[in-house]
Amino acid sequence: MRPRWEQGPAELVLVRHGESMGNRADAAARDAGAEVLDLTARDADVELSDTGREQAAALGRWVGERDDVGRQTVVVASPYRRAAETAAIALDGLDLDIEHDERLRERDLGVFDGLTGLGIRSRYPEEAERRDKLGKFYYQPPSGESWAAVAQRVRSLLTDLRHGYDGERVWLFSHQAVIMTFRYVLEGIEETDLLDLDRRMRIPNASVTTYRRDGRYLELDSFADTTAVDRIDVDVTHEESQGAADDAS
């Protein structure tokens, strides 16, 4: 059900965190055909890479050039280190408090955390079969979250924003799956279309997705915009698209 916005933020901006050490470990594991990422930190503690910090700083320079009319008034970040660090670096020097809300955290993969698609199919073949039967949106990894569960927390956060932040320009620093789920909720995208979009489009690190209130709805203005990073000599990074055969979680 698409939420209606007779009141609430005038603008909602979703920012994906800069490149993390987890992103790098994932790419290295895929290149090596490995089942497990070479990463010891728990997901909540994975930090930005040097490139990720440069991306966040580039975003900060872009934010600093905006006039007061277009500048954010409320900032909320996932408490996961890579997102919280991105917000802190990007907004350094601005007179803004950064709030943290666990509803913006990345989707919990449960026992699959730290495994590649190859590792999941090799170590949990029965779960791969169950996921194929239920479909990716409703499938819940053991001790983890389904996409539907992420949608529930996104709806909860949006309810709070709708009733408590009328006219504000709200920026949210979050993660790939969560930002995709915002699109599902805000635009009323069908399940199959959402998963097809996620399969084809990997949201770049430090990219910006913007919604503006128009009548009764928040309407998409831009998606996965990398303008801030493109303008200077910093790499635009994202995970490789997994594809249907390799999309195990």
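Predicted model: local features only at pLDDT ≥ 70, side-chain atom pairs only at ≥ 80, totals over all residues.
**Entry 1: helix H8**

I started with H8, which covers residues 191-200, and asked which of its residues are buried. I found Leu194, Leu195, Leu197 and Asp198. Looking down the axis of H8, I get an arc of 155 degrees that takes in the buried residues, so they line one face of the helix. As a reminder to myself, an α-helix has 3.6 residues a turn, so residues three or four places apart point the same way. On the other side of H8 I noted Thr192 and Arg200, both exposed.

What do the buried residues of H8 pack against? I listed helix H6 (147-164), helix H7 (176-187) and strand S6 (217-225).

**Entry 2: helix H6**

H6 came next, being one of the partners of H8. I checked its length: with 18 residues at 1.5 Å a residue, H6 should span 26 Å, and its end C-alpha atoms are 26 Å apart, which agrees.

Its buried residues include Trp147, Val150, Val154, Leu157, Leu158 and Leu161. Two arginines, Arg153 and Arg162, are also among the buried residues of H6. I then looked up the packing: the buried residues of H6 go against strand S1 (11-16), strand S4 (169-174), H7 and H8.

**Entry 3: the largest pocket**

I put the volume of the largest pocket at about 870 Å³. It is lined by 42 residues, and I asked which of them are the closest to its centre. They are Asp26, Glu106, Leu109, Asp113 and Glu239.

By class, I have 14 nonpolar, 13 polar and 15 charged residues in the lining of the largest pocket. Which helix gives the largest share of this lining? H1 does, with four residues. I also noted that helix H1 (21-32), helix H4 (117-123) and H7 each supply at least two lining residues.

**Entry 4: arginine 105**

I found arginine 105 in the loop between strand S3 (98-100) and H4. Its relative accessible area is 23%, so I logged arginine 105 as partly exposed; the cut-off for buried is under 20%.

Leaving aside neighbours within four places in sequence, I get contacts from arginine 105 to Ser78, Tyr80, Glu145, Arg153, His175 and Val178. Arg153 is one of the buried residues of H6 I wrote down above. I also took one distance: arginine 105 and alanine 77 are 28 residues apart in sequence, and their C-alpha atoms are 8.4 Å apart in space.

**Entry 5: threonine 51**

Threonine 51 sits in helix H2, residues 50-64. Is it buried or exposed? At 12% relative accessibility, I count threonine 51 as buried. Beyond its neighbours within four places in sequence, threonine 51 is in contact with Glu19, Arg24, Val234, Asp235 and Thr237.

**Entry 6: two alanines with positive phi**

Most residues other than glycine have a negative phi, and I wanted to note a couple of exceptions. Alanine 206 has a positive phi of about 65 degrees. I located alanine 206 in the loop between H8 and strand S5 (208-214), and with a relative accessible area of 1% it is buried.

Alanine 224 also has a positive phi, of about 55 degrees.

Notes: Residues numbered from 1 in each chain as written. Heavy atoms only, no water. Buried < 20%, exposed > 50% of the residue type's maximum accessible area, 1.4 Å probe, protein only. Arc of directions from axis to C-beta. Contact = heavy atoms within 4.5 Å. 1 Å grid on protein atoms, 1.4 Å probe; cavity = no way out; pocket = protein on both sides within 12 Å on 5 of 7 lines; lining within 4 Å. Points joined across faces, edges and corners; volume = space filled by probe spheres on them. Nonpolar A, V, L, I, M, F, W, Y, C, P; charged D, E, K, R; others polar. Expected span 1.5 Å × (residues − 1).
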